[in-house]
Amino acid sequence: MFICGSSGHVDEIDEATWDKINEHDTLGLNYFIYHKFSPTYYALNYGRNDVVHTYHEILIKNRNRDYENTIFLVSSRMRRRGIHPRITPQFFTNNPKVAYFLYPRPVRVPASRSFRPDDFKKSIFYRGSLNNYLYVARLFEYRKIVLLGCEMDSGIPFYEHYPEAQWMSEMEGYQPSYEERLRGYMGLTKQKGKHNLITTILAINEYVFEPEGLELYVFNKKSLLYPTIPLYRL
């Protein structure tokens, strides 16, 4: 499975490469939906802001035909909040394909100490969407996972200057300023006493994926996970 994020490096991938990627299963995260590629699975962090919801509705409507065969992933947490085709059809394509999964119990490790193997005995979810969908990829029994557009070397996404995405910068408080995002990816900070995302993913790979024989790769050498996590070659 290719887990597709929204880094600026996504635009460096040519059509021939996308054709090869399309021979495998793919999972588009959040605003990857702005990219013309249609993934096997799609996962959106719906949130609770009604104004943001109106833009999400537009997103889904605009990709209705492109995503007609895409499987929407909905966690038990989102389902409890009413995210369901019969309750909130505006968040899904017409006659959608939906896969539900149990939202994982979070791992609780303070940033004041390092991860240990036994921290991941019951769960591998610690923080963030990318971590959550690594959990999903493992849950779905994929044996090779490739992180594409998840380099985390910058907080500037490929859609930064797309006219249809300008609502994010115009909405006060929705995202950090351009200058803040230019300085780096927000997941690299220790938030609420937690380890950053790089440390988290490396620990999951060392203590869970490698012992299980599950192979994790990056798609671009610019990834901050490289070279500890090897480069995938199509």
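Is Tyr46 buried or exposed, and what is its relative accessibility? Tyr46 counts as buried, at 2% relative accessibility. Keep in mind that this is a predicted model. Here's a quick tour, starting with the sheet and moving on to the aromatic rings.

**The sheet**
- Seven strands make up an open sheet, running in the order E5-E4-E3-E2-E1-E6-E7, with parallel pairing.
- E5 (97–101) and E7 (215–218) are the edge strands, each with a single partner, so one side of each has no neighbour in the sheet.
- Going from one strand to the next, the twist averages 25°.
- Strand E1 (residues 2–4) pairs with strand E6 (residues 144–148) over three bridges, in the parallel sense, and Ile3 stands opposite Leu147 in E6.
- Helix H4 (residues 128–139) packs on the sheet, and its direction makes about 95° with that of E5.

**Aromatic pairs**
- There are 28 aromatic pairs in the structure.
- One of them joins Tyr46 and Phe91: it's tilted, with 5.3 Å centre to centre and 50° between the planes.
- Tyr46 sits in the loop between E3 and helix H2 (50–62), and Phe91 in the loop between helix H3 (76–80) and E5, so their pair ties together parts 45 residues apart in sequence.
- Phe91 counts as buried, at 2% relative accessibility.
- Phe101 and Tyr135 also form a tilted pair, with ring centres 6.4 Å apart and planes at 55°.
- Phe101 belongs to strand E5 and Tyr135 to helix H4, so this pair links parts 34 residues apart in sequence.
- Phe101 is buried at 5%, and Tyr135 counts as buried at 13%.

**Charges over rings**
- Arg79 lies over the face of Tyr100, 4.1 Å from the ring centre.
- Lys194 lies over the face of Tyr126, at 5.6 Å from the ring centre.

How values were computed
Residues numbered from 1 in each chain as written. Predicted model: local features only at pLDDT ≥ 70, side-chain atom pairs only at ≥ 80, totals over all residues. Heavy atoms only, no water. Pairing = 2+ DSSP bridges. Helix = DSSP H or I, 4+ residues; strand = E, 2+ residues; numbered from the N terminus. Axes fitted to C-alpha atoms, helices over the stretch in contact; angles between N-to-C directions. Contact = heavy atoms within 4.5 Å. Phe/Tyr/Trp six-rings, centres within 6.5 Å; stacked < 30°, edge-to-face > 60°. Buried < 20%, exposed > 50% of the residue type's maximum accessible area, 1.4 Å probe, protein only. Lys NZ or Arg CZ within 6 Å of the ring centre and 35° of its normal.
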